[in-house]
Amino acid sequence: MKSAKSLFRKQHKIVQQTIPQQVIAEESRVLVETLFQQQEYKQARRISVYLNMQGEIHTHSIAKDILSSGKQLFVPKCTQDKMSMVLVQDLKDLEMLPKNSWGIPEPTDERQDCFQAGGLDLIIMPGLAFDHQGNRIGYGKGYYDKFLEECEQFRKVPFTIALCLSSQYVPSVPVEQWDRKPHVIIVAQDPVIIKRNQ
């Protein structure tokens, strides 16, 4: 299975690099508008969203909306094998975040993490590809699977929503038993909303 996942990732990273920026921008707009209509987003007070790298859905407008709505924004802070979700105070703080080696804005200083704040209500999850059964394959580090295990130990498991470009939506992705499905996947085409079987 590991070799199947590795091959799949290699192929889809190439696909991701060929998506025109205009398509990403337009589909991002559709996805963000659809996200804002979801009750889980409207009701959440503490939200984590990834800050995108080149070739991913543009999430900056989501981060700005969270802050301007008076909600608390948490963003990933990663080490080699672990991800924590840390607080971004305001729009100025968001704009001042330094970029890491991937070109992604990421905090480098000590900050309050989501568990100190009481746990997250909602996570906006990234992914390399998603399938018709609601499965997700990430970039290979297992950050989100491990983080959701931490949430279970904290006894507050957040709702999870993934945003998916049309080109990322495929018939099937290779998965293993510990891989986590998002509760909801919003696909740009139409847009389609896929809900996980509870």
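# Notebook: salt bridges, pockets and a few loops

Started with Lys82: this residue makes a salt bridge with Glu150, and the closest N and O atoms sit 3.8 Å apart. I'm calling something a salt bridge if a side-chain nitrogen of Lys or Arg is within 4 Å of a carboxyl oxygen of Asp or Glu. Lys82 is in the loop between E2 and strand E3 (83-88) while Glu150 is in helix H6, so the pair ties together parts that are 68 residues apart in sequence. For element names I use DSSP runs numbered from the N terminus: helices are H or I with at least four residues, strands are E with at least two.

Housekeeping, before I forget. This is a predicted model, so local features need pLDDT of at least 70 and side-chain atom pairs count only at pLDDT 80 or more, whereas totals for chains, interfaces and linings use all residues. Residues are numbered from 1 along each chain as its sequence is written, and side-chain values use heavy atoms, with hydrogens and water left out.

**Accessibility of the first pair.** I looked up both ends. Lys82 has 44% relative accessibility and counts as partly exposed; Glu150, at 24%, also counts as partly exposed. My cut-offs are under 20% relative accessible area for buried, over 50% for exposed, and partly exposed in between (1.4 Å probe, protein chains only).

**Other salt bridges.** How many salt bridges does the structure hold? I get nine. Side chains of opposite charge can pair when their charged atoms come close. Is Asp93 buried or exposed? Asp93 counts as buried because its relative accessibility is 15%.

Next I checked Lys156, whose side chain meets that of Asp121 in a salt bridge at 3.1 Å, N to O. Again the pair links distant parts of the chain: Lys156 comes from the loop between H6 and E7, Asp121 from the loop between H5 and E4, and they are 35 residues apart. Lys156 is partly exposed at 26% relative accessible area, and Asp121 counts as partly exposed at 23%.

**Asp179.** There is also a salt-bridge network, which links Lys5, Glu176 and Asp179. I followed Asp179, which is in the loop between strand E8 (169-170) and strand E9 (184-187). Asp179 counts as buried because its relative accessibility is 19%. Its side chain makes a polar contact of 2.8 Å with the side chain of Lys5. A polar contact here is a pair of N or O atoms within 3.5 Å; within protein, one must be able to donate a hydrogen and the other to accept it, and residues adjacent in sequence count only if both atoms are side-chain atoms. The Asp179 side chain also reaches the backbone nitrogen of Glu176 at 2.6 Å. Leaving out residues up to four places away in sequence, Asp179 touches Lys5 and Asp145, with contact taken as heavy atoms within 4.5 Å.

**Arg155.** Phi here is near 70 degrees, a positive value in a residue other than glycine. Arg155 is in the loop between helix H6 (143-154) and strand E7 (159-164), and I have it as exposed because its relative accessible area is 77%.

How much space lies in the largest pocket? About 1,300 Å³. Of its 44 lining residues, Gly138, Tyr139, Gly140, Lys141 and Tyr143 are the closest to its centre. For the record, a pocket is an open set of points on a 1 Å grid over the protein atoms alone, where a 1.4 Å probe fits, with protein on both sides within 12 Å along at least five of seven lines; lining residues have an atom within 4 Å of a point. H1 gives the most to this lining, with six residues.

The second largest pocket holds about 180 Å³ of space. It has 13 lining residues, and Asn52, His60, Lys99, Gly103 and Pro105 lie nearest its centre.

Terms used. Grid points are joined across faces, edges and corners, and a volume is the space filled by probe spheres set on the points.
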